[in-house]
Amino acid sequence: MTPVAYDEVIDDAYSNDNTQLDFDTQIILQVKQGKSPVLIENYGTRWYANNIHKEYVSHFFQLVGNYSPFDLMSNRAVTDTIQREMQDYMTAYIERLSQQKEFPVTVNNIIVGKAKPNEDMKK
């Protein structure tokens, strides 16, 4: 199976000082070979929207709140840390889903762009 990239635009994530920031992110997922029918049977055709999207966005918001706007906008080490933590978290989340019903998806990568000031905050 070919990996699929899901773009997640994160608007209005609050840094540790309540500054609103926007992010362009991407999660790259791959359905395990030959397991598409299992995924659809267990989680439906909207498996991403119903099971991954909200968990991804929610956890991303939590992580951003740990850092200053300066670090989020200019410190690549912080962005790299968020990427690793998101990948670890989403991999563990999918493993938890699989304990209920098999969720045959692998997290190949998560990409986080640097933070941008929220458009409303620039005015």
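In which kind of crossing, left-handed or right-handed, does α2 pass α4? The legends below take up this point and others in a predicted model.

**View 1. Helix α4 along its length.**

**View 2. The buried residues of α4 and their surroundings.** The buried residues of this helix are V78, T79, I82, Q83, M86, M90, Y93, I94 and L97. They pack against the helices α1 (36-43), α2 (47-64) and α3 (69-74), and also against the strands β2 (20-31) and β3 (105-112).

**View 3. Where α2 meets α4.** The axes of α2 and α4 are 10 Å apart, and the two helices pack at an angle of about 140°, which means that α2 is oblique to α4. The crossing in which α2 passes α4 is right-handed. From α2, the residues N51, I52, E55, Y56, H59, F60 and L63 take part, and they meet I82, E85, M86, Y89, M90, Y93, I94 and L97 of α4.

**View 4. The setting of Q83.** Q83, a residue of helix α4, has a relative accessible area of 16% and is therefore buried, since the cut-off is under 20%. When neighbours within four places in sequence are left aside, Q83 is in contact with R76, I110, I111 and V112.

Notes
Residues numbered from 1 in each chain as written. Predicted model: local features only at pLDDT ≥ 70, side-chain atom pairs only at ≥ 80, totals over all residues. Heavy atoms only, no water. Buried < 20%, exposed > 50% of the residue type's maximum accessible area, 1.4 Å probe, protein only. Helix = DSSP H or I, 4+ residues; strand = E, 2+ residues; numbered from the N terminus. Contact = heavy atoms within 4.5 Å. Axes fitted to C-alpha atoms, helices over the stretch in contact; angles between N-to-C directions. Parallel < 35°, antiparallel > 145°, perpendicular 65-115°, else oblique. Left-handed = near helix turned anticlockwise from the far one by under 90°.
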